[in-house]
Amino acid sequence: MTTNACDPKATLTRRQFLFLSGAALVTLATPKFLQGVPGAEALSLQQAGYPRTKVGQLSALKAGQPVAFQYPFDHPNCANFIYKLGVPAAGGIGPAQDVVAFNSLCPHQGGPLSGRLNTEHQVLGPCPLHLSTFDLTRHGMVISGHATEGLPQIVLELSGDDIYATGVMGLVYGFHNNLAEPNG
Amino acid sequence: MTQYTPQDKVPLPPADAKVFTTACDYCIVACGYKAYVWPEGTEGGPKANENALGLNFPTGVLGGWVSPNQHNIVSVDGRPHHAVVVPDFQSTVVNKGGNHSIRGGTLALKCYNANGPTKDRLQYPQIRVNGKLTPVDWDTALEVMAAVSKHVLEKYGESAWAMKTYSYEFWENTYAITKLAFGAIGTPAFSVHDKPSMGSDTGGVDDAGIITFSASYQDWAEADVLFISGTDPFETKTIVFTSWIMGGPKLIYALPRRTAGVAYAEANGGLFLQVTPGTDTLLHLAINRIILENGWEDKEFVEKWIASSWDVDAGMGRGPRNTPWQWRTTWGQFSADYESYKKWLLEYEPAQLENAAKVTGVPTEKIRQAAEMLTGAGSSRPKASFAFEKGNYWSNNYLNTASFAAMGLLCGAGNRPGQVISRMGGHQRGWMGGPGYPMDKSPEKLPGRRKIQLDLDRWTAAGNVRFVWVVGTTWTAAMAASQELANSFRKLTVENPNQIKSTNKQDIINALIARVDSGGMVVVDSDIYPVEPINTEFADIVLPAAAWGEHDATRANGERRLRLYSKFYDPPGEAKPDWWAIAKFAKKMGFSGWDWENDNDVFEEAARFSRGGVLDYYALVWYARNNGLRGHEVLRELGTQGIQTPIRWVNGKMEGTARLHDSTLQLDSPQGPTVHAKWLTHFDSHSGKALLLKSPWELWSDFYERVTPDPAKGEFWLSTGRINEIWQSAFDDVRKPYIKQRWPDTWVEIHPDDAAQYGIESGDVVRMFSDDIQVQTGGWVRVKGYKFTDLVKAGHIQSGKGEAIAVAIVSEDVRPGALFTNFLHPASPANSLVHRVPDPFANVHRFKLGKAQIEKIGESPYKKSLDEMTFKPRTVTFTG
């Protein structure tokens, strides 16, 4: 069910493409006003089943000041942050490809990572529970520690100045299925 | 290699899934795990009553969870099943509450899955015909082995028939291995995966009267201050650190490299002693000297528990100084009572603070601070404990361990809760020896009527081995001067003109006997994967082994906790537990007593060999037999909690032993099958007291000076070690796409100043090389001298070459002038840059003291891509 027309010139990194193509994707029709705009193909990627939710504005982001948002559900485990890192990052959006978003629960045992951004190294952590650290420039990959998956990365899309969340790469801590309605 | 794709869902085990208890397969800690297994086609639901975990999803912090990398598809009775392997959330021991490392946390991914990255598991016996490994049946493979073995034993004797094996892959297997090698065959040509001989790992600590795994994990938690030498438990014994040490004692680390654990220690009132590789002895001696100069030693403990001069000489000179090294070899150079130790040390110039600071590279004020932290400096005495591992005993084996033990003893540690001296461990305690090593047959002898366990590497390189069975180890890559050793193997095997050219059994036997008679060597390798080069290049016969989860098996962890590792799925193809192959081979040899039918039969037979030892589980089997039960089933009932050995029979039930040398342990009269060993309540020496051992630097300084890198020649120290996310040779990790994304290649850390000098940046590919690797040869019977200088004079030292390739990580965490790399990456044998001159008293290698020059040879794909690997520092701390 993977259908995709990834332009090599698109703003997604190869890795993100690999990530995305591994999950179920749908290709949305590129809106008319974006046709012919460089990079517009990337905007059409959305994971199947995930909502498309406006989570922030590019112009409002400041380096070192993460912006909180809930996605895909309004549930304590679904607490995420948008980071403007100041250096290019895998899956990054914006002109500098430096805007990324991640879930904020440590995928080891659910420790809270919010507020533990090291801006010098673009590292999140160490987790207060057991000291895991994560590289925000490389898909939330574990740098040192215990998590059995990387920090779930929220797939972002830019539409004008608006930032949309369109999917989650990786399973949110505590969930068995990102799209299963909690307490549903 | 399969690309890693993060998943956003995971199947849950339905309420009726089968549940098996086990423990992690990897590091010494052996966290408790549960495997949930159920047929494909069904799944559990998110409500607690809809899944076998009993969890309501979504779960909360510390509430238990299943990550996608904890799931796999396995075969059970030939049918595909889901398997979810998760830490035991209910555990109250070891990994309390389901804590886990990244290694154990991804155990499910190691399982054999015919459609996954583990599909290259060895499945059938194979024989190399015309250079190509060709499947054969078990009988053919074992009959060829038996025919060649009989010929070798008859014509060349036991010492030409060798085994090189793991020491850790379950008691059932190691018992079978020793029963064959030492009992049925009687060969002295034997060593385990991490050393060239069967010598002691930690001689100086042993000789002090301390059994090396004496502590419980609770002891680390109860200490006020913990001195950690030559290891970072965060990296390599993760759950001991995160479940027991974090939030507990203040930490003093003695390491050449700053690690994540060190960063934590420094941020939490601890101390980092960044030693120059190989100088720990002088660091310990300098601390001990400060303690004695100031009278900070634990006088009450010393009075009661340190051997007096009478104790040292007790028993016609065969008292506690009759230790393996002391009595017949070194003639009392180490022996001391408290007064003579103090006198020696206060007069011993190398231990003087300024000198020690200069040699070790640790500032004087930090050495003094360590002595103060360990003793309280005259005010209230803290509970000090002492933990050590390979950075300590794989550099200057005897002197480091002897001086380390003395440091602990002066601080009153060794026999009380929270005040212990213990190894932290590497692999799990999987060695259950049956018959003992036949020392009388060892061809190797030190001066002074002192036989020593044979150095198998040197013996093999000299062409003295004609048949060798390698069980579950890379051998060449894992040993020192590995490139030179591999060259020796090549000459003795694939470059010998006598190669198998036909699949006819008699032709095969004839070709291999012709090999043997022409001075060559026949190699059999039992393993689970095609391991380079021992199996892919050198082995004539390859045997497929069943592994963790594929048969019922037992072993203990670093606090002697024994558990059953349950079988929960089918081994691939015709793979069998190693004990099975050994028993079948023994029968082909015509030996009797090899009629085991299952894992439990071996476990029960081995129990009597455990009696009186640290791992004594005889009481468990005694209880089982008296009640018509099977030993394994009794252990299964104990689940992930298991029981700490030695197991004693007390008031009608089994009782575990928390710590050894426990002066607080109250013992009643022995009951049932139990006999109380002296070392349960006292030290392991003739008098039951501990020994202070002198550790004269001169016994080592000639070797140390010879191998110290010369910066003018562009030489660096090359230290090797483990890193948290990778286990051992990465044999499983390279087949776990998630881990492979993090560590797609091996790496070397280099200080920014050194990197700048050589134009090296993070992500560059570098070559480490040397043509000055010291290699000891020949010299089996030595009449005089055991120092390096004596070996050089006698012509027993040559220079060899080594080389390894790695991806550079520029890091301020390593010392200038020192490199740090993974110790056993299959593509990059770092041990080729380690000298093959074993410690003279123990015949173990000095793996941590390699030497290399370095040059940039290119750029890795990870330098610019953001897809794989990361070069971020591992020592980031949070100061907000």
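Analyst: **Close look at one residue**

Thr640(B) lies in the loop that links α25 (631-637) to β22 (643-644) in chain B; helices (H or I, at least four residues) and strands (E, at least two) are DSSP runs, numbered from the N terminus. This is a predicted model, in which local features need pLDDT of at least 70, side-chain atom pairs count only at pLDDT 80 or more, and totals for chains, interfaces and linings use all residues. Residues are numbered from 1 along each chain as its sequence is written, while chains are lettered from A and ligands numbered from 1 in the order in which they are written.

Thr640(B) is buried because 23 other C-beta atoms lie within 10 Å. The term buried asks for 20 or more such atoms within 10 Å, exposed for 12 or fewer, and partly exposed for a count in between, with C-beta atoms placed from the backbone.

Leaving aside residues up to four places away in sequence, Thr640(B) touches Thr21(B), Ala23(B), Gly32(B), Asp88(B), Ser91(B) and Arg563(B). Contact here means C-beta atoms, placed from the backbone, within 7 Å. The C-alpha atom of Thr640(B) is 6.3 Å from that of Thr22(B), although 618 residues separate the two along the chain.

Now the wider picture. Where chains A and B meet, chain B gives 46 residues and chain A gives 50 residues. On the side of chain B that touches chain A, α27(B) has the largest share, three residues. Chain A itself has two helices and twelve strands, and buried residues are 53% of its 184 residues.

Technical notes: Contact = placed C-beta atoms within 7 Å.
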